[in-house]
Amino acid sequence: MTPIALERRPVGRVEDFTLDQFRIFELDGRSIGVVRTRAGFFAIKNTCPHEGAPLCRGDVRGTMLPSSPGNYRWGREGQVVRCPWHGYDFYLESGKCVYGEVRDRAIAYRIEVEQGDVFIYIKPRRS
Amino acid sequence: VGDQFGLIDCDVHPLVMNAADTFPHMPVAWRKHFDFPEFLAAAARVDRYRGMQPASVVPEPVNADPRTLAAVHLDSNRIDLALLVPMQGASLNARVDGAASAVLASALNGYFTERWLEADARYRLAACVAPQEPKRAVREIRQRAKDPRVAAVLLPLWTLPMGSTHYDPIYAAAEEAGLPIVVHPTGVEGHYQGVQQLGGGTHRSVSSRQVLLHELAESNISSLIFEGVFVRHPGLRVIFSECSFAWSAAFIWRLDKEARNFYFEMPWMKELPTSYFRRHIRLTTQPLGSLPLGESAAGEVARLAHAEDTVMYGSHFPLYDHDLPDALDRLPSALHDSLRHGVAESTLRMAVPA
């Protein structure tokens with residue numbers, strides 16, 4: 001099976017992105033959110049794998065790290081998005097559900113910054 | 001361990017008829033403290049153990065004497081091993097004075113060891129401790145654990161839910177000794193300062209309180225699992241008596257659901273609640289009376305509740321609503337080995353230390 005080549009699409013300049021605010025792009029019929037957080041740039045499909053909510057309307061945040069009983073440790077700031085409908089958390093990098101409560105992953109996309117330009121890599125889809 | 005025991009009854013209630021009989025098992029000063037008519041009269045209220053008979057007909061309940069109980073229950077029902085769960089110990093939660101509770105707990109343990117464990121080799125004791133005083137409870141557990149016939153620790157249900165770190169020293173001592181914790185409702189829940197409340201408040205009728213006893217199990221199991229007791233004490237097991245089990249399937253589904261929704265509230269949980277439940281929680285069978293008759297319906301309830309891992313026979317003898325072993329016929333025969341002895345053998349401290 002030949003891997004489908006990813007296409008690189010420009011989505012703007014670094015300064016176009018306000019910290020922790022998703023910008024939504026319609027790319028080949030897909031709604032994709034791109035966000036700059038204190039952990040970097042991320043791109044994730046604007047659909048929650050649980051029940052289809054607009055995931056990118058959720059808050060960018062961190063999460064509780066595994067800890068001993070009675071103690072809390074906060075971490076991964078800027079690496080997690082919380083779905084606005086049911087509150088499930090997903091890692092922006094992998095799309096994986098933080099506690100595994102939703103088995104399917106959110107779809108995350110590779111993103112790169114070059115000389116201040118932001119690019120997303122997607123599989124092209126021709127209509 | 002194996003098929004050494006065909007039938008183990010995990011819920012048998014022995015009785016001290018006269019509170020003064022425990023006096024030889026406490027220091028002189030404490031004897032003087034307790035030796036007044038009001039205490040002795042209150043401690044001598046044992047009518048509920050006569051069944052529905054007045055004292056003129058049944059002067060002494062069958063559970064006041066180890067040989068009588070052995071004859072009418074163990075012999076008649078072919079019970080190979082009986083865990084003694086002294087209800088006078090479980091009721092120590094109703095005392096405000098924690099030090100006095102600890103002394104009484106120790107005296108009860110001394111009494112039942114001398115009078116009951118010596119009388120018949122089929123008896124094992126759930127040694128009681130005072131929940132108000134963890135340091136004294138730890139000393140008591142360490143002391144009693146030296147006796148191989150002590151098979152569990154009876155922890156009266158006290159104000160704080162069982163997940164509280166207040167109990168950690170007690171759990172650590174029980175875990176270290178290989179003893180499971182036994183919890184048994186007393187019927188005073190919701191009635192005194194210091195005892196736990198039933199959900200929704202205090203009900204007027206005994207019937208309501210009986211029907212709601214399993215709420216104590218649900219409340220404390222939630223607390224134990226969510227507050228990380230089994231993360232802190234991975235070897236600990238907790239037996240809830242007189243709550244039966246048919247409610248537990250729906251309950252653990254809900255625990256799993258909320259653990260998924262609110263994992264950030266308990267990031268110490270390494271597994272879903274169902275796993276902790278199956279490994280650490282045990283339930284005794286009585287009262288089985290409301291279980292639907294017929295193998296398939298009861299079998300389905302048992303399957304969904306993971307009864308093969310968690311449920312063990314307990315008669316609650318000789319209380320009026322006890323279940324004799326034939327009550328187990330309501331459950332599928334495939335479960336009988338685990339119900340009759342398998343789960344008990346892997347839960348109670350059975351091994352005799354060298």
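P318(B) is found in the loop between β8 (residues 311-312) and α15 (336-347) of chain B, where helices (H or I, at least four residues) and strands (E, at least two) are DSSP runs numbered from the N terminus. A cis peptide bond, with omega of about 5°, joins this proline to F317(B). A cis peptide bond also joins Q286(B) and P287(B), with omega of about 0°; P287(B) lies in the loop between β7 (281-284) and α13 (295-304) of chain B. Most peptide bonds are trans, and most residues other than glycine have a negative phi.

The structure is a predicted model, in which local features need pLDDT of at least 70 and side-chain atom pairs count only at pLDDT 80 or more, while totals for chains, interfaces and linings use all residues. Residues are numbered from 1 along each chain as its sequence is written, chains are lettered from A and ligands numbered from 1 in the order in which they are written, and side-chain values use heavy atoms, with hydrogens and water left out.

In chain A, D20(A) has a phi near 65° and lies in the loop between β1 (7-13) and β2 (23-27). The relative accessibility of D20(A) is 23%, so this residue counts as partly exposed; buried means under 20% relative accessible area, exposed over 50%, and partly exposed in between (1.4 Å probe, protein chains only). In chain B, R78(B) has a phi near 55° and is placed in the loop between α3 (66-75) and β2 (81-84). R78(B) is exposed, with a relative accessible area of 71%.

Helix α7 of chain B spans residues 168-177, and its buried residues are D168(B), I170(B), Y171(B), A173(B), A174(B) and A177(B). These buried residues pack against α6 (134-144), β4 (150-154), β5 (181-183), α9 (214-226) and α10 (229-232) of chain B. Just after α7(B), G178(B) takes a positive phi of about 75°.

Both A177(B) and G178(B) are touched by R349(B), which is placed in the segment after α15 of chain B. Further contacts of R349(B) (heavy atoms within 4.5 Å) include P148(B), A151(B), L179(B) and P180(B). R349(B) is buried yet has no salt bridge, defined as a side-chain nitrogen of Lys or Arg within 4 Å of a carboxyl oxygen of Asp or Glu. The nearest side chain of opposite charge, D147(B), is 6.2 Å away. Polar atoms of the R349(B) side chain lie 2.8 Å from the backbone oxygen of A145(B) and 3.1 Å from that of V150(B).

Between the chains, 15 residues of chain B are in contact with 16 residues of chain A. The area buried between them is about 1200 Å², of which carbon and sulfur atoms give 59%; buried area is the accessible area (1.4 Å probe) that two parts lose on being put together, summed over both. In chain B, Y263(B), P267(B) and W268(B) lose the most area to chain A, together 51% of what that side buries. Across this interface the rule finds zero salt bridges.

Terms used: Lys, Arg positive; Asp, Glu negative; His and termini not counted. Polar contact = N/O pair within 3.5 Å; in protein donor to acceptor, adjacent residues only side chain to side chain. Lists of a residue's contacts leave out its neighbours within four places in sequence.
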